[in-house]
Amino acid sequence: MTKDQLKSWDKQHIWHPFTQMKEYADEDNLVIESGEGNYLIDTEGKRYLDGTSSLWVNVHGHRKKEIDDAIKVQIDKISHSTLLGVTNAPAIQLAKKLVDITPQGLNHVFYSDNGSTAVEVALKIAFEYWQLRGKKEKQKFVSFKDSYHGDTLGAVSVGYIELFHEIYRPLLFPTHQAPSPSDPNCLKWIEDLFKKESNQIAAVIIEPLVQAAGGMMVQPDGFLEKLRELTKRYQVLFIADEVATGFGRTGTLFACEQEKVVPDLLCLAKGLTGGYLPLAATLTSSEVYEAFLGDYSEYKTFFHGHSYTGNPLGCAAALANLEIFEKEKIIQNLPGKIKTMTEALKRISNLPKVKNIRQKGLMVGIEIGPTPLEERRAHKICLAARKKHLLIRPLGNIIVLMPPLSITEDEINFMCAVVSDEISRGTS
Ligand SMILES: *Cc1c(COP(=O)(O)O)cnc(C)c1O
């Protein structure tokens with residue numbers, strides 16, 4: 001098969017996610033063939049710095065030996081068996097590990113395949129929890145403006161990004177949509193709502209510290225802690241969606257740690273396997289878990305599961321990923337990288353076409369504007385960056401930088417220099 005044939009079949013047959021295929025058809029498609037550390041290599045042999053961690057999943061770089069080896073070893077044992085009524089060693093070891101490293105009190109792990117399913121599981125558990133506890137009116141969810149929790153319909157019901165979600169409104173269950181966490185009235189709005197009708201509210205779901213797909217919106221200090229306090233006072237479950245923020249992105253292993261928050265339910269996916277395989281986990285407190293215990297005839301069973309739940313290959317990759325965090329002191333080594341990023345971003349913030357820059361840890365959003373979305377300015381900047389060996393992808397008018405944690409300080413400076421050049425060029 002020739003390189004050109006691959007490119008042509010891609011355009012003929014693959015319907016790419018979040019992609020206007022008419023526009024894609026007119027652009028040169030980039031076929032990735034291999035990876036090495038923080039770089040992706042295409043079929044022409046050209047190398048690109050992976051500036052968005054292959055869509056926020058990669059953690060320690062590509063072809064990380066320990067993870068490669070762990071998967072190979074597991075393949076030689078078995079690639080998949082089910083968790084429906086039987087179990088397997090990697091899934092058990094990973095559950096134990098996740099309970100140990102997540103905020104204390106999250107003792108039970110429900111596996112699924114991706115961030116959206118981790119959220120669906122959390123929503124269904126939260127809903128059913130109150131049904132089982134006899135508080136049958138507690139059926140509604142609260143989420144925030146600019147929140148994103150995945151693309152399946154339950155996750156979209158608690159999502160709140162106009163551009164992605166509006167068209168599906170008729171299919172969705174009604175949700176209370178709180179103002180953006182950065183709105184100074186947000187917590188008051190929530191407390192007023194709780195005062196009036198917490199007896200009808202099952203849970204609040206939030207992306208802790210950073211609303212990622214909503215444009216890397218960073219929450220004010222103390223917001224998460226205060227929200228957690230309100231949910232405790234008014235007996236509302238707290239679901240932390242750390243699908244994007246988990247595994248070091250914000251500077252700590254989990255974002256919740258920064259405000260000493262222990263959620264009732266925690267959703268993990270993306271970085272869980274180091275960006276190798278699709279695997280997700282929803283962790284719950286013992287209190288939530290125990291509400292589902294009873295004789296079979298009470299029908300308290302959580303009737304939910306996926307074909308590849310607890311996949312041994314994925315779990316083996318995740319275990320290797322987590323071992324690297326410890327062995328290489330990944331979290332301890334982040335502050336220097338984060339500071340380098342902050343310094344480099346300061347230089348970008350002075351450019352005339354930059355409206356706003358937001359950063360938390362190694363999660364960055366550079367907002368271009370004012371410019372109409374149709375101009376696709378950020379998209380064009382990202383395409384131009386490719387020519388300079390940097391692969392990034394925007395969110396609307398926002399250029400996102402979310403490199404693997406293994407990025408070096410030189411690479412951070414390189415990445416920001418390319419972005420800076422391309423933003424300036426676009427405005428001259
Ligand atoms: C990406 C994301 C999801 C959805 O994860 P998928 O694996 O793409 O289904 C859910 N929540 C947050 C916060 C995310 O960033």
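1. Basis of the values. The model is predicted, so that local features need pLDDT of at least 70, side-chain atom pairs count only at pLDDT 80 or more, and totals for chains, interfaces and linings use all residues. Residues are numbered from 1 along each chain as its sequence is written, and side-chain values use heavy atoms, with hydrogens and water left out.

2. Polar atoms at the ligand. A nitrogen atom of the ligand lies 2.7 Å from a polar side-chain atom of D241. Ligand oxygen is 2.8 Å from a polar backbone atom of G115 and 3.2 Å from an N or O atom in the N114 side chain. Of the 380 Å² of accessible area that the ligand has on its own, the protein covers 84% (Shrake-Rupley method, 1.4 Å probe).

3. Sheet. Four strands form an open sheet in the order β1-β2-β3-β15, with mixed pairing. Strands are DSSP runs of E, at least two residues, numbered from the N terminus, and two strands pair if DSSP finds at least two bridges between them. β1 (32-36) and β15 (390-391) are the edge strands, each pairing on one side only.

4. Strands β2 and β3. Strand β2 (residues 39-42) runs antiparallel to strand β3 (residues 47-50), and three bridges join them. Opposite R47 in β3 stands I41.

How values were computed
A polar contact is a pair of N or O atoms within 3.5 Å; within protein, one must be able to donate a hydrogen and the other to accept it, and residues adjacent in sequence count only if both atoms are side-chain atoms.
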